[in-house]
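Please open the model in your viewer and keep the sequence panel beside it. The tour below goes from stop to stop, saying what to select and what is found there.

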Amino acid sequence: MGGNYRSVFDIIGPVMIGPSSSHTAGAVALGQAARKLLWQTPHKATVHYYESFALTHRGHGTDYAIAAGLLGLAPADARVPQAPQLARQAGLDLRFVEESGPSPIHHPNTAVIELWAGQQHFQISGCSIGGGTIEIRAVTMHGISVQLAGALPLALYYAPDHAQLRARQLVQHLRQLVPIKRRQIKRGQAGAVYALNLGQALATPQVEQLMHQYPDLTFL
Amino acid sequence: MFNRIDELVQAATQNHQSLAELIMQAECETSGQSQRQVWQRMAQNLTAMEAAAAQGAQGVRSATGLTGGEAAKLCAYRAKNQSLSGDLMLSAVQAAMATNEVNAAMGVVCATPTAGSSGTLPGVMMALKQQRHLTRDALIRFLFTAGEIGLIIANQAGIAGATGGCQAEVGSASAMAAAAAVEAAGGTPAQSAQAVAIALSNLLGLVCDPIAGLVEVPCVKRNAIGAGNALIAADLALAGCTSLIPADECIQAMAQVGQAMPASLRETGLGGLAGTPTGQKIRTKIFGQTMGAISDAKG
């Protein structure tokens with residue numbers, strides 16, 4: 001039942017717009033995680049809610065929270081409650097679906113977010129485990145689906161077949177900076193997704209430098 | 001990072017350190033941040049908590065009109081000096097309810113450990129600030145101590161109403177506040193652990209049954225009891241009273257009780273107060289038939 005909490009700031013914090021840390025602040029974090037797969041606002045997003053999320057999303061402001069995350073807003077941003085209107089203005093076709101079945105990732109606070117940007121389709125399955133902390137338990141990118149342990153921070157990298165050496169360099173590079181607790185490589189038709197569970201979050205300048213060197217790298 | 005309350009108490013006792021010092025050191029080690037960085041980050045959280053309590057005391061109202069304005073009523077009542085439970089207790093209750101009224105009104109709060117339970121800890125902290133004349137530095141230390149207790153509970157049991165009921169939210173917040181209150185009042189780390197055990201035991205089994213699924217009723221007043229319970233648990237521990245069951249086992253018990261709770265009592269807005277005729281009537285009034293149809297399908 002226990003969670004993967006690492007810091008006293010997972011407990012004291014976040015500073016956020018109410019009313020629920022798991023259904024609002026955690027939902028902003030889920031939206032932000034989805035956005036990070038693209039590094040832009042998608043043109044279409046469909047959010048599938050399960051269990052407690054399906055039953056209480058309207059009262060908890062989960063819809064505007066996920067919309068805010070998809071737009072890149074912070075949990076304490078005063079514009080969070082207006083996010084669905086802002087999303088429409090930004091040209092985002094945003095839909096919410098209340099699913100009646102059990103969560104595919106086995107948590108009552110589950111959102112599966114599908115994103116479309118250009119010709120690409122991404123999917124991210126996350127849950128809000130309480131106090132605003134989230135886990136990402138599955139992603140689909142470049143047609144490859146990866147089941148994940150859930151705990152963050154996580155580095156995700158897609159390398160086409162001709163660039164596998166580059167991916168191995170990234171793994172070595174990361175290992176010099178932080179312990180890698182778990183490494184998954186999932187191969188698809190024309191490339192592979194690397195999912196690396198990091199033992200510690202990287203400092204912002206390190207993240208910026210890595211993303212400059214490896215443009216398709218995502219940190220969740 | 002510690003996995004158990006007894007490990008934390010042992011480390012603090014052996015090193016002759018306060019819980020707050022030990023925890024700050026551990027936070028710097030696991031996050032790779034400097035003492036200055038973590039201190040400033042906690043100071044920002046404190047500022048947000050103070051702002052929310054002050055805003056709520058002025059009187060706010062939620063969009064549904066279900067909550068708001070009661071912290072202000074309490075403020076006026078306190079001014080008459082005729083309260084039954086004493087002004088320290090009521091100042092804690094006022095700040096707790098004020099914070100949660102702001103949360104229900106979609107204002108800015110600091111989750112401690114969650115938004116639904118965000119009033120309990122600041123309630124206790126602000127009451128002690130007034131009574132014990134705690135400095136800003138002492139308040140920041142209070143938050144580090146409370147944070148580590150919450151971190152252990154979160155990893156060993158959980159802090160989400162949807163998985164563990166309200167005991168996991170207000171219960172955890174109350175235990176965190178009790179431990180930090182003991183330390184702020186000059187108690188030992190072992191007494192803080194006793195306060196955790198007592199506070200958790202006394203809210204064990206508390207269900208999460210928000211009316212219409214909204215973080216309003218009974219959440220706002222649950223934070224009043226969370227704050228009151230924390231002060232009582234802290235006083236009991238400071239008086240030398242002890243819990244027969246150690247804190248770590250109380251946390252395990254809370255996890256097991258949470259797992260045994262039916263889904264209707266874990267933040268689905270279906271059972272408990274939410275399931276009463278009045279609770280259901282309010283739900284229908286706010287959301288119409290759609291939400292009712294879902295609850296029938298799921299319930």
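Two strands count as paired if DSSP finds at least two bridges between them. Helices (H or I, at least four residues) and strands (E, at least two) are DSSP runs, numbered from the N terminus. This is a predicted model, in which local features need pLDDT of at least 70 and side-chain atom pairs count only at pLDDT 80 or more, while totals for chains, interfaces and linings use all residues. Residues are numbered from 1 along each chain as its sequence is written, chains are lettered from A and ligands numbered from 1 in the order in which they are written, and side-chain values use heavy atoms, with hydrogens and water left out.

**Stop 1: the strand pair between the chains**

Select residues 15–17 of chain A and residues 108–110 of chain B. These are strand S1 of chain A and strand S1 of chain B, which run antiparallel and are joined by 3 bridges. Within this pair, A:Ile17 has B:Val108 as its bridge partner.

**Stop 2: the whole interface**

Now select the residues of each chain that are in contact with the other chain (contact means heavy atoms within 4.5 Å). On chain B there are 62 such residues, facing 43 residues of chain A. The size of an interface is often given as the accessible area lost when the parts come together. Here chains A and B bury about 3,900 Å² between them, with 63% of it on carbon and sulfur atoms; buried area is the accessible area (1.4 Å probe) that two parts lose on being put together, summed over both.

To see what contributes most on the chain B side, select helix H7 (residues 136–156) of chain B, which gives 10 residues. The chain B side as a whole divides into 32 nonpolar, 23 polar and 7 charged residues. In this count Ala, Val, Leu, Ile, Met, Phe, Trp, Tyr, Cys and Pro are nonpolar, Asp, Glu, Lys and Arg are charged, and the others, Gly among them, are polar.

How many salt bridges does the rule find across the interface of chain B and chain A? The rule finds 0, a salt bridge being a side-chain nitrogen of Lys or Arg within 4 Å of a carboxyl oxygen of Asp or Glu.

**Stop 3: the sheet in chain A**

Select strands S9, S10, S8 and S11 of chain A, which form an open sheet of 4 strands in that order, with antiparallel pairing. Its edges are S9 (180–187) and S11 (218–219), each pairing on one side only. S9 pairs with S10 (residues 191–198) over 7 bridges, and A:Gln184 has A:Ala195 as its bridge partner in S10.

**Stop 4: backbone exceptions**

Most residues other than glycine have a negative phi, and most peptide bonds are trans. Go to A:His142, which is not a glycine but has a positive phi of about 50°; it sits in the loop between strand S6 (133–141) and S7 of chain A.

Next, select A:Leu152 and A:Pro153, joined by a cis peptide bond with omega about 5°. A:Pro153 belongs to the loop between strand S7 (144–147) and strand S8 (154–160) of chain A. In chain B, a cis peptide bond with omega about 10° joins B:Val217 and B:Pro218. B:Pro218 is in the loop between helix H10 (189–203) and helix H11 (219–238) of chain B.

**Stop 5: around B:Ala57**

Finish at B:Ala57 in helix H3 (residues 35–58) of chain B. Leaving out residues up to four places away in sequence, B:Ala57 touches B:Ala72, B:Gln94 and B:Ala98. B:Gln94 is 37 residues from B:Ala57 in sequence and 7.4 Å from B:Ala57 in space, C-alpha to C-alpha.
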